[in-house]
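User: I am new to this structure and would like to learn how to read it step by step. Could you take me through the main features in turn?

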Amino acid sequence: MLNIVYVIDTSLSMRRGVSDLVPTKLEAVKETLTIVTSKILSNNKKIKIGGVVFYGYAYPILPLTNDNVKIIKTLSRLRILGEGSAPGDGLIEAVKLMRRSSGEKKAIIITDGGFNKGIPLNIAALYAWNSRVIVDIVAISGRLKDVDHYYMDKTTRMCNGKKILVNKKSELIKALLELSSHLGNP
Amino acid sequence: MIDLVIAAEKSKYSRNELIHYFLNQLVDTLYKTPFIRVGFIVYCKYAVPLIDLSTEYRNLGKIYAHIPVLRGVPEPAKAIYEAVEMLLDLEDQLTLKKKIVLIASFIKEPSISLEDALEYASMNDTRVLIIRAPQKKTHWILAEYEKAPEGVHLRKNNIPDIINELLK
C-alpha cells in the first residue's frame with residue numbers, strides 16, 4: 001500500500017495567478033490534482049490519498065482514502081484561507097494522518113513559498129524522517145526566496161524526496177504525476 | 001505495555017545540556033525495561049512531535065541535541081495536548097498505562113493554561129510527571145506547580161530517583 005498526503009498551500013499569495021496557472025495558483029493546483037489523483041487511482045487501487053492545507057496554520061481536510069469522489073469533492077471545496085505560510089505545521093499534520101497506516105508513506109507539499117509561520121520545515125522534516133515518510137515538494141516559482149529554497153532543500157534531502165520547480169500548468173501536472181507515481185530517490 | 005511520551009522543552013530558558021544528559025540516561029534504562037513504547041516531543045512556543053510511540057527510540061537523545069534552541073515563550077500545555085493526542089491516536093489493546101514526562105523551565109509565564117492541560121491528560125487516564133529544568137529561579141509557576149503533585153527538580157544527582165519514580 002502507498003499512502004500519499006498532499007500538503008497544499010492555501011495562503012493569500014496562492015490567490016494570484018502566474019504564467020498559465022490561472023485564474024489563481026490555487027485553482028490551477030485544484031484542477032491539476034483532480035486530474036492527477038483520478039489518473040493514479042485508476043492505475044493503482046493500492047494507493048490511499050489524504051489532504052492537508054496550510055497557511056498560518058495547518059489542518060487535515062481529507063483522511064486517507066481511495067474514494068475518488070470524496071477526493072474530488074474535497075478538492076473542489078479548497079479555498080484561500082488566510083495570511084502566513086506554515087509548511088512545517090502542514091507536514092506534521094500529514095505525518096500524523098499516516099500515523100496508523102502501514103506501507104509506504106509520502107507527503108507532497110505544493111507551495112509558492114514565503115514561509116514565515118509555525119514550525120520550521122526542517123524541524124518538521126525530522127518527524128517525517130523518523131516516521132519514514134518521504135517528502136517531495138512542488139514549488140511554484142515566482143516569489144520563492146533563498147530561505148525557502150534552504151528549507152525545501154534540507155527537507156527533501158533529509159526525507160529522501162525531490163524538489164521540483166514549476167511555472168506552468170504542464171510542468172505542474174508532470175511533476176505531480178511523477179512524484180505521485182514513484183517512491184523516493186533510489 | 002507502558003506508553004510513555006516524553007515532552008522536552010528546548011529553549012533559552014531550559015537547561016538543555018542537563019536535559020540531554022537526562023534523556024540519554026532515561027533511554028539507557030528504558031531500553032533495559034521490557035514492554036515500554038516511547039514517543040518524543042520537543043517544544044517551546046510550539047510542540048513538535050519527533051518520534052511517534054514505538055520501541056525504536058534509541059536516538060532520542062541525539063535528536064534532542066540536533067534540534068536548535070527554539071525561539072519564543074515555552075508553552076508546556078501545547079506539549080501536553082500533543083502528547084495526549086499521540087497517546088490516544090496510537091492506543092491499542094496492548095496499552096496498559098499511559099504516561100507523559102513533561103520537562104519544563106517554567107521561567108516565562110505561558111499563555112495557555114497548564115492546569116487545564118494537566119486536567120485534560122488526567123481525564124484521558126494519563127499520568128503526568130513534571131520535571132523542572134530552569135536556567136534560573138522563578139516564581140510564576142508555583143501556584144500551578146504546587147497543584148501538580150508529581151513535580152520534581154532535575155539535578156544530575158537525582159536522575160536515578162526520577163527514573164525510578166517514572167517506572168513505578
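User: How many helices and strands are there in chain B?

Analyst: In this predicted model, chain B holds six helices and six strands, and along the sequence these elements follow the pattern β-α-β-β-α-α-β-α-β-α-β-α.

User: In which order do the strands of chain B lie in the sheet?

Analyst: Strands of a sheet pair through backbone hydrogen bonds, in either the parallel or the antiparallel sense. Here the six strands of chain B form an open sheet with mixed pairing, in the order 3-2-1-4-5-6. Strand 3 (47–54) and strand 6 (152–153) of chain B each have a single partner strand, so they stand at the edges, with one side of each left without a neighbour in the sheet. Strand 2 of chain B, residues 36–43, pairs with strand 3 of chain B in the antiparallel sense over five bridges, and Val42(B) stands opposite Val48(B) of strand 3.

User: Which element gives the largest share of the side of chain B that touches chain A?

Analyst: The contact takes 10 residues from chain B and 11 residues from chain A. On the chain B side, the largest share, five residues, comes from strand 3 of chain B, and that side as a whole divides into eight nonpolar residues, no polar ones and two charged ones.

User: Which residues touch the most other members of the largest nonpolar core?

Analyst: In soluble globular proteins, nonpolar side chains tend to be buried together. The largest nonpolar core here has 108 residues, and those touching the most other members are Val7(A), Leu91(A), Ala7(B), Val48(B) and Ile80(B). Once residues up to four places away in sequence are set aside, Ile80(B) touches Ala7(B), Ile100(B), Leu102(B), Ala117(B), Leu118(B), Ala121(B) and Val128(B).

User: What radius of gyration does chain B have?

Analyst: A compact globule of 168 residues would have a radius of gyration near 15 Å, and the 14 Å of chain B agrees with this. Its C-alpha atoms fill a box of roughly 40 × 30 × 25 Å along the principal axes, and 43% of the residues of chain B count as buried.

Methods: Residues are numbered from 1 along each chain as its sequence is written. Chains are lettered from A and ligands numbered from 1 in the order in which they are written. This is a predicted model: local features need pLDDT of at least 70, side-chain atom pairs count only at pLDDT 80 or more; totals for chains, interfaces and linings use all residues. A nonpolar core is a set of buried Ala, Val, Leu, Ile, Met, Phe, Trp, Tyr and Cys residues joined through C-beta atoms within 7 Å. A residue is buried if 20 or more other C-beta atoms lie within 10 Å of its own, exposed if 12 or fewer, and partly exposed in between; C-beta atoms are placed from the backbone. Two residues are in contact if their C-beta atoms, placed from the backbone, lie within 7 Å. Two strands pair if DSSP finds at least two bridges between them. Helices (H or I, at least four residues) and strands (E, at least two) are DSSP runs, numbered from the N terminus. Ala, Val, Leu, Ile, Met, Phe, Trp, Tyr, Cys and Pro count as nonpolar, Asp, Glu, Lys and Arg as charged, and the others, Gly among them, as polar. The radius of gyration is taken over C-alpha atoms; the globule rule is 2.2 Å times the number of residues to the power 0.38.
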